Amino acid sequence: MDLLKEAKIAREKAYAPYSKFKVGAAVLTSDGQVFHGCNIENASYGLAMCAERVALFKAISSGYKKDDLIKIAIVGDTKEPISPCGACRQVMVELLNKDAEIILGNLDDDIKRYSLEEILPYSFKELI
Ligand code: THU
């Protein structure tokens, strides 16, 4: 499963008329399902939703649970592999399996792989 390739396909659907910065994400479940997400912006700029949160929310709203979500890939047209925003890191801590792999990429196929603890150390947790 080339999850970065899936994230690139998702990126093509981005709705980013304001920033023109397209982001794609793909979440892999333990039973092999892939959920795509892209960023979706709004004329009221603060309402923009990031690609990785769209993908995670699609998986959860389709009935998958935290422990089923084992990998996420995120891609943007960046010099180095994309760096997800802080809000998305907090959402990943909440919704991904604790051992999940976070694959960050760019269009040149530069890749970095992180764990949740690496990408957001000492994160806020209440029930998890
Ligand atoms: N964006 C994402 O989709 N994911 C991130 O991790 C960083 C930022 C989007 C939000 C906005 O539509 C555009 O990129 C520029 O910030």
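Predicted model: local features only at pLDDT ≥ 70, side-chain atom pairs only at ≥ 80, totals over all residues.
A polar contact is a pair of N or O atoms within 3.5 Å; within protein, one atom must be able to donate a hydrogen and the other to accept it, and residues adjacent in sequence count only if both atoms are side-chain atoms. Residues are numbered from 1 along each chain as its sequence is written, and side-chain values use heavy atoms, with hydrogens and water left out.

**The ligand**

- The residues around the ligand are Ser-19, Phe-21, Val-23, Asn-39, Glu-41, Cys-50, Ala-51, Glu-52, Pro-84 and Cys-85.
- This shell divides into six nonpolar, two polar and two charged residues. Here Ala, Val, Leu, Ile, Met, Phe, Trp, Tyr, Cys and Pro count as nonpolar, Asp, Glu, Lys and Arg as charged, and the others, Gly among them, as polar.
- The side chain of Glu-52 has an N or O atom 2.6 Å from an oxygen atom of the ligand.
- The side chain of Asn-39 has an N or O atom 2.9 Å from a ligand oxygen.
- Ala-51 uses its backbone instead: an N or O atom there lies 2.9 Å from an oxygen atom of the ligand.
- On its own, the ligand has 380 Å² of accessible area, and the protein covers 79% of that. Accessible areas come from the Shrake-Rupley method with a 1.4 Å probe; for residues, only the protein chains shown count as cover.

- Asn-39 sits in the loop between β2 (34-38) and α2. Helices (H or I, at least four residues) and strands (E, at least two) are DSSP runs, numbered from the N terminus.
- Is Asn-39 buried or exposed? Asn-39 is buried, because its relative accessible area is 7%. Buried means under 20% relative accessible area, exposed over 50%, and partly exposed in between (1.4 Å probe, protein chains only).
- Asn-39 touches residues including Ala-14, Phe-21, Val-23, Met-49 and Ala-51, not counting residues up to four places away in sequence. Contact means heavy atoms within 4.5 Å.
- Asn-39 and Met-49 are 10 residues apart along the chain, and their C-alpha atoms are separated by 5.5 Å.
- Ile-40 is also in the loop between β2 and α2. Ile-40 counts as partly exposed, at 40% relative accessibility.
- Leaving aside neighbours within four places in sequence, Ile-40 contacts Tyr-15, Leu-47, Ala-48, Met-49 and Val-54.

**Helices and cores**

- In α2, the buried residues are Ala-51, Glu-52, Arg-53, Val-54, Ala-55, Leu-56 and Ala-59. They pack against β1, β2, β3 and α3.
- Just after α2, Gly-63 takes a positive phi of about 110 degrees.
- In helix α3 (residues 86-95), Cys-88, Arg-89, Val-91, Met-92, Val-93 and Leu-95 are buried. Their cover includes α2 (51-61), β3 (69-76), β4 (101-106) and α4 (116-119).
- A nonpolar core is a set of buried Ala, Val, Leu, Ile, Met, Phe, Trp, Tyr and Cys residues joined through side-chain atoms within 4.5 Å.
- The largest nonpolar core has 24 residues, and those with the most contacts inside it are Val-27, Leu-56, Ile-72, Ile-74, Met-92, Leu-96 and Ile-102. At least two of its residues come from each of β1 (23-29), α2, β3, α3, β4 and α4.
- Apart from this core lies another, of eight residues, among them Leu-3, Leu-4, Val-75 and Ile-103.
- Ile-102 touches residues including Ile-72, Met-92, Leu-96 and Ile-119, not counting residues up to four places away in sequence.

**Arg-11**

- Arg-11 is found in helix α1 (residues 3-11).
- Arg-11 counts as buried because its relative accessible area is 10%.
- Which residues is Arg-11 in contact with, leaving aside its neighbours within four places in sequence? They are Lys-22, Val-23, Gly-24, Val-75, Gly-76, Asp-77 and Leu-107.

**Positive phi outside glycine**

- Lys-20 has a positive phi of about 60 degrees, although it is not a glycine. Lys-20 is in the loop between α1 and β1 and counts as exposed, at 66% relative accessibility.
- Asp-109 is not a glycine either, and its phi is positive, near 65 degrees. Asp-109 lies in the loop between β4 and β5 (111-114) and counts as partly exposed, at 47% relative accessibility.

How values were computed: Near = heavy atom within 4 Å.
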